[in-house]
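Thanks for coming. I have one structure to go through today, so let me put it on the screen.

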Amino acid sequence: MMNLKQLVLASHNAGKLKELQAMLGESVQLRSIGEFSSVEPEETGLSFVENAILKARNAARISGLPALADDSGLAVDFLGGAPGIYSARYADGKGDAANNAKLLDALKDVPEAERGAQFVCVLALVRHADDPLPILCEGLWHGRILTAASGEHGFGYDPLFWVPERNVSSAELSPADKNQISHRARAMDLLRQRLGLK
Ligand SMILES: O=c1nc[nH]c2c1ncn2[C@H]1C[C@H](O)[C@@H](COP(=O)(O)OP(=O)(O)OP(=O)(O)O)O1
Ligand SMILES: [Mg+2]
């Protein structure tokens with residue numbers, strides 16, 4: 001289908017690169033778009049799908065290689081699905097710690113039963129910048145937002161995301177465990193199937 005030994009990851013997030021590379025194994029080498037450019041494209045889409053495609057096309061254009069993009073985020077029930085596609089920008093670009101603090105504040109006094117949330121991941125793979133048929137795969141992960149941060153692993157909102165099936169926060173899971181059950185793992189599972197890698 002395409003030469004998957006040279007796949008560029010359209011992401012400047014080191015946490016994503018680590019997780020996706022671990023899931024793909026050694027048969028596919030993911031190269032970061034950071035090797036080619038430090039300019040991040042503006043994520044102007046209104047959906048995870050649109051932003052994933054936009055990032056993948058941009059990376060393919062810059063690198064000349066097939067490109068994989070991951071657009072992901074946290075949809076909190078009590079907030080009507082926010083921050084959603086704006087998760088990375090929730091605290092106006094001040095970073096993970098500020099995002100987490102803002103989320104804790106937004107859910108202050110909200111009881112446990114109303115703290116449901118989903119991590120969402122959309123993966124988009126394009127063979128070239130103008131590919132008319134991107135491969136799209138989605139994964140969801142259901143959990144709850146904690147009332148305080150817990151755990152040191154992972155990135156982003158992991159310290160605030162309670163994983164009911166394991167009784168720990170996402171940041172308390174080992175990387176290997178997170179990579180078995182996360183939203184990203186589910187999306188990658190579908191992608192591997194679509195590519196005939198499993
Ligand atoms: O497994 C996860 N564990 C914790 N947090 C996560 C996860 N997956 C996504 N997230 C959060 C991080 C960021 O606040 C937003 C993604 O935003 P998103 O634009 O897709 O990624 P990004 O800007 O960090 O890197 P890039 O766009 O270059 O791929 O959702
Ligand atoms: Mg981003």
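The largest nonpolar core has 43 residues, and those that touch the most other members are Ala10, Ala56, Ala67, Leu68, Leu123 and Ala124. Two or more residues come from each of E1, helix H1 (14-24), H2, E3, E4, E5, E6 and helix H5 (183-194). Strand E4 gives the most to this core, nine residues. In general, nonpolar side chains tend to be buried together in soluble globular proteins.

Take Leu123 from that list. Leaving out residues up to four places away in sequence, Leu123 touches Ala52, Leu68, Asp70, Cys137, Ala187, Met188 and Leu191.

Before I go on, a word on confidence. This is a predicted model. The average pLDDT of the protein is 97, and 98% of the residues score at least 70. For the complex, the predictor gives an ipTM of 0.99 and a pTM of 0.97.

Now the sheet. What is the order of its seven strands? The sheet is open, the pairing is mixed, and the order reads E2-E1-E3-E4-E5-E6-E7. At the edges stand strand E2 (30-32) and strand E7 (168-169); each has a single partner strand, so one side of each has no neighbour in the sheet. As a reminder, strands of a sheet pair through backbone hydrogen bonds, in either the parallel or the antiparallel sense.

I will walk through the part around E4. Strand E3 (residues 67-76) runs antiparallel to E4 and is joined to E4 by 10 bridges. If you want a position to look for, Gly73 has Val120 of E4 as its bridge partner. E4 also pairs with strand E5 (residues 135-145), again antiparallel, over 10 bridges. There, Cys121 has Gly139 of E5 as its bridge partner. E5 in turn pairs with strand E6 (residues 161-163) in the antiparallel sense, over two bridges.

Why can we call E4 largely enclosed by the rest of the structure? Because nine of its 11 residues, in the stretch 116-126, are buried. Buried here means that 20 or more other C-beta atoms lie within 10 Å of the residue's own.

Across the sheet there is a helix to point out. Helix H2 (residues 48-63) lies across strand E1 (7-9), E3, E4 and E5, and runs at about 155° to E3.

Next, the annotation. The unreviewed UniProt entry carries a "binding site" annotation that covers Glu42 and Asp71. These positions span 30 residues in sequence, but no two of their C-alpha atoms are more than 12.5 Å apart, so they gather at one spot.

Are these residues buried or exposed? Glu42 sits in the loop between E2 and H2. Glu42 has 9 other C-beta atoms within 10 Å and is therefore exposed. Asp71 belongs to strand E3. With 26 other C-beta atoms within 10 Å, Asp71 is buried. Setting aside residues up to four places away in sequence, the contacts of Asp71 are Phe48, Asn51, Ala52, Lys55 and Val122.

Elsewhere in the chain, look at Ser182. It is found in the loop between helix H4 (175-181) and H5. Ser182 is buried, because 25 other C-beta atoms lie within 10 Å. Apart from neighbours within four places in sequence, Ser182 is in contact with Phe119 and Trp141. From Glu42, Ser182 is 140 residues away in sequence and 26 Å away in space, C-alpha to C-alpha.

Last, some backbone details. Which residues does the cis peptide bond join? It joins Ala82 and Pro83, with omega at about -5°. Pro83 is in the loop between E3 and helix H3 (96-106).

Then there are positive phi values in residues that are not glycine. Asp109 has a phi near 70°. Asp109 lies in the loop between H3 and E4, and it is exposed, with 5 other C-beta atoms within 10 Å. Asn167 has a positive phi of about 60°. Asn167 lies in the loop between E6 and E7, and it is exposed, with 8 other C-beta atoms within 10 Å.

Technical notes. Residues are numbered from 1 along each chain as its sequence is written. Chains are lettered from A and ligands numbered from 1 in the order in which they are written. This is a predicted model: local features need pLDDT of at least 70, side-chain atom pairs count only at pLDDT 80 or more; totals for chains, interfaces and linings use all residues. A residue is buried if 20 or more other C-beta atoms lie within 10 Å of its own, exposed if 12 or fewer, and partly exposed in between; C-beta atoms are placed from the backbone. Helices (H or I, at least four residues) and strands (E, at least two) are DSSP runs, numbered from the N terminus. Two strands pair if DSSP finds at least two bridges between them. pLDDT is the predictor's confidence in each residue, from 0 to 100. Two residues are in contact if their C-beta atoms, placed from the backbone, lie within 7 Å. Axes are lines fitted to C-alpha atoms, for helices over the stretch in contact, and angles run from 0 to 180 degrees between N-to-C directions. UniProt positions are given in the numbering used here, feature names are shortened, and annotations may be inferred rather than shown by experiment. A nonpolar core is a set of buried Ala, Val, Leu, Ile, Met, Phe, Trp, Tyr and Cys residues joined through C-beta atoms within 7 Å.
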